[in-house]
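I am opening a new notebook page to record what I looked up in this structure, entry by entry. I want to keep each term beside its cut-offs, so that a later reader can follow the notes.

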Amino acid sequence: MPPVINEEKCIGCTKCAQICCMDVFGPAEPKQTPQVRYPEECWHCRACVMDCPVGAIDLRYPLPYMLQTTNVSKAN
């Protein structure tokens, strides 16, 4: 599942597009909300979420990844 940008919170800094090593975000114009152009390329690394200065990005994990993470945390 791709990152979701809250357009009401986004300040158009384009840090998410700059930090994304997979170029998930399309061409980002300053002062505009970046567009998620290649959602299937997202590795769910959370770099965009962590670098967003206003917390405008939410990352939804695919169900198999959520199940895997849940099982690992319960085993410990």
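I began with Thr 14, and I found its place in the loop between β1 (3–5) and α1; helices (H or I, at least four residues) and strands (E, at least two) are DSSP runs, numbered from the N terminus. Before going on I noted that this is a predicted model, in which local features need pLDDT of at least 70 and side-chain atom pairs count only at pLDDT 80 or more, while totals for chains, interfaces and linings use all residues. Residues are numbered from 1 along each chain as its sequence is written, and side-chain values use heavy atoms, with hydrogens and water left out.

Is Thr 14 buried or exposed? Thr 14 counts as buried because its relative accessibility is 9%, where buried means under 20% relative accessible area, exposed over 50%, and partly exposed in between (1.4 Å probe, protein chains only). I then listed its contacts (heavy atoms within 4.5 Å), and, leaving aside neighbours within four places in sequence, Thr 14 is in contact with Ala 28, Glu 29, Pro 30 and Pro 34. I also looked up the backbone angle: phi of Thr 14 is near 65°, a positive value in a residue other than glycine. Most residues other than glycine have a negative phi.

**Asp 23**

Phi is also positive in Asp 23, which is not glycine either, with a value near 55°. Asp 23 sits in the loop between α1 and α2, and Asp 23 counts as exposed because its relative accessibility is 51%.

**The chain as a whole**

I stepped back to the overall order, and from the N terminus on the elements run β-α-α-β-α, with three helices and two strands in the chain. Of the 76 residues, 28% count as buried. Among the contacts with a separation of 6 or more, 48% come from residues 24 or more positions apart.

**The nonpolar core**

A nonpolar core is a set of buried Ala, Val, Leu, Ile, Met, Phe, Trp, Tyr and Cys residues joined through side-chain atoms within 4.5 Å. The largest one here has 14 residues, and those with the most contacts inside it are Ile 5, Cys 16, Val 24, Phe 25, Cys 48, Val 49 and Ile 57. At least two residues of this core are supplied by each of α1 (15–19), α2 (47–51) and β2 (57–59).

**Cysteines**

How many disulfides does a search of the whole structure find? The search finds zero, a disulfide being a pair of cysteine sulfur atoms within 2.5 Å. Cys 20 is in no disulfide, and the nearest cysteine sulfur, that of Cys 21, is 5.7 Å away; Cys 20 counts as buried, at 16% relative accessibility. For Cys 52 the closest cysteine sulfur is in Cys 13, at 5.9 Å, which is too far for a bond, and Cys 52 is buried, with a relative accessible area of 17%.

I found Pro 62 in the loop between β2 and α3 (63–75), and Pro 62 counts as partly exposed because its relative accessibility is 25%. The C-alpha atoms of Pro 62 and Met 1 are separated by 5.6 Å, although these residues are 61 residues apart along the chain. Leaving aside neighbours within four places in sequence, Pro 62 is in contact with Met 1 and His 44.

Not counting residues up to four places away in sequence, His 44 touches Met 1, Leu 59, Arg 60, Tyr 61 and Pro 62.
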